[in-house]
Amino acid sequence: MNTTVGSSDIPRARILIVDDQDANVLLLTRMLERAGYTSVTSTTDPLEVCALHRTNRYDLILLDLQMPVMDGFQVMAGLKEIEADGYLSVLVITAQPGHKLRALEAGAKDFISKPFDLAEVLARVYNMLEVRLLHVETKNYSKALERTVKEVEASHELIRRQSEEVKSLYDKVVAEQARALELSAQPGAMVGVEKEERLATPWFRSLRLRHPWLQLNLVTAFAAGGVVFLFQGIINRVVILAMFLPVLAGQAGNTGCQTLAVTLRGVFSGELKSGKARGLIVKEALLGLLNGSIVGVVASLAMYFVAASQHLSSAGRLAAVVFLAMTGSCVMSSVCGALVPLTLKKLGFDPATASCIFLTTATDVVSMGMLLGLATILVK
């Protein structure tokens, strides 16, 4: 590397990104590479940072403070032993305001906050590298760093106003990242597995994170069972109805889950903007009506043939009950698939964590209630 500081030196500076979250690493890497930095590497393993720095002598290390096994403060302690002059060119990444002062005291020179702001990241990285290269030549980094930090803080709003074009690119990168990830943590969250749980999480913490949702699911299952109990009389008179209870519940549940998946994708990718919720609900209700009518015809024919084979005089009315119940259940489950996550988000809860439990309860109660209720009215 040239010892004379110049604007041409900064894009070639060696940069290491350290974060245990692949999404954060990918986002920061793309931001820096699209800004013109040509030597950006990364790692998700904090244990190998010191060895990498000893080999490559990075000009700047972007270091996450909160990582499993070895946190950012321990990494900085190891880096201090490598740097003979005691200068740590470390830009810490943190979402905790209380960690910033501690990080500066540990040797970090600046910080960026989560969620990332493109203008802030590029400005702080540029100025950190400028100070680092100046330190290599002059060994007098303290005054230069203090002056640079003050200039960054004073010009932050100006940088923000002048970076509309770059901000647009940043939004596209974030949207692309969201689509690429496709809510990778969602499947676990929807059955009560918190995103904070990992393979190395102790069993007692895993139990504490998961078990409350299973208890809630048990309570909601009792609610669905209560609906069956209320209509025990019609089931005793027309036993064939019991055969179609899981059919309706399963079909309604699958219909609701399709809507839930689309809604959650829209919520987390930012596609579901303010004011679009009503349009989503209307669309899903229409789809539920159409899908429910089609599968309702097939299910009602199945009911008719089964009832006729049992020589039941009410075979036609039972077929009509199944058709109406199937259509109505699919409509309601589609609406619930959109309403449940939107309501949880509005109330401040994570919609991916509990939506599945509430949706399952709603679809079971509605489908079983409609089938048995209509049978009670129409089948004498």
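Which helix holds Glu33? Select Glu33, and you are in helix 1. Helices here are DSSP runs of H or I with at least four residues, strands are runs of E with at least two, and both are numbered from the N terminus.

Before moving on, note that this is a predicted model, in which local features need pLDDT of at least 70, side-chain atom pairs count only at pLDDT 80 or more, and totals for chains, interfaces and linings use all residues. Residues are numbered from 1 along each chain as its sequence is written, and side-chain values use heavy atoms, with hydrogens and water left out.

**Stop 1: helix 1**

Stay on Glu33. Its relative accessible area is 44%, so Glu33 counts as partly exposed. The scale is this: buried is under 20% relative accessible area, exposed is over 50%, and partly exposed lies in between, with a 1.4 Å probe and protein chains only.

Asn24, Val25, Leu27, Leu28, Thr29, Met31 and Leu32 are buried in helix 1. Residues three or four places apart in an α-helix point the same way, because there are 3.6 residues a turn.

Next, check the length. The expected span of a helix is 1.5 Å times one less than its number of residues. The 13 residues of helix 1 should therefore span 18 Å, and the end C-alpha atoms are 18 Å apart, which agrees.

Step past the end of the helix. Gly36 follows helix 1 and has a positive phi, near 110°. Then select Tyr37, in the loop between helix 1 and strand 2 (40–43). Tyr37 is buried, at a relative accessible area of 8%. Ile10 is 27 residues from Tyr37 in sequence, yet the two are 7.7 Å apart in space, C-alpha to C-alpha.

**Stop 2: the largest nonpolar core**

Which residues touch the most other members of the largest nonpolar core? Select Ile15, Leu28, Leu62 and Val125, out of 24 residues in that core. A nonpolar core is a set of buried Ala, Val, Leu, Ile, Met, Phe, Trp, Tyr and Cys residues joined through side-chain atoms within 4.5 Å. At least two residues of this core come from each of strand 1 (15–18), helix 1 (22–34), strand 3 (60–64), strand 4 (90–94) and helix 5 (118–138). Helix 5 gives the most, with seven residues.

**Stop 3**

Most residues other than glycine have a negative phi, and most peptide bonds are trans. Here are some exceptions to visit.

- Arg57 is not a glycine, but its phi is positive, about 50°. Look for Arg57 in the loop between helix 2 (49–56) and strand 3. Arg57 is partly exposed, at 36% relative accessible area.
- Val69 is not a glycine either, and has a positive phi of about 70°. Val69 sits in the loop between strand 3 and helix 3 (72–82). Val69 counts as exposed, at 74% relative accessibility.
- Lys114 and Pro115 are joined by a cis peptide bond, with omega about -5°. Pro115 lies in the loop between strand 5 (110–113) and helix 5.

**Stop 3: the largest cavity**

Select His53, Tyr58, Asp59, Leu60, Ile61, Leu79, Glu83, Tyr87, Leu88, Ser89, Val90 and Arg132, which line the largest cavity. On a 1 Å grid over the protein atoms alone, a cavity is a set of points where a 1.4 Å probe fits but cannot get out, and lining residues have an atom within 4 Å of a point. Grid points are joined across faces, edges and corners, and a volume is the space filled by probe spheres set on the points. The largest cavity holds about 60 Å³. There are two cavities of 30 Å³ or more.

Keep Tyr87 selected. Tyr87 is in the loop between helix 3 and strand 4. Tyr87 is buried, at 0% relative accessibility. Its C-alpha atom is 8.9 Å from that of Ala108, 21 residues away along the chain.

**Stop 4**

Cys330 is buried, at 1% relative accessible area. Cys336 is also buried, at 15%. The disulfide count is zero, where a disulfide is a pair of cysteine sulfur atoms within 2.5 Å.

How values were computed
1 Å grid on protein atoms, 1.4 Å probe; cavity = no way out; pocket = protein on both sides within 12 Å on 5 of 7 lines; lining within 4 Å.
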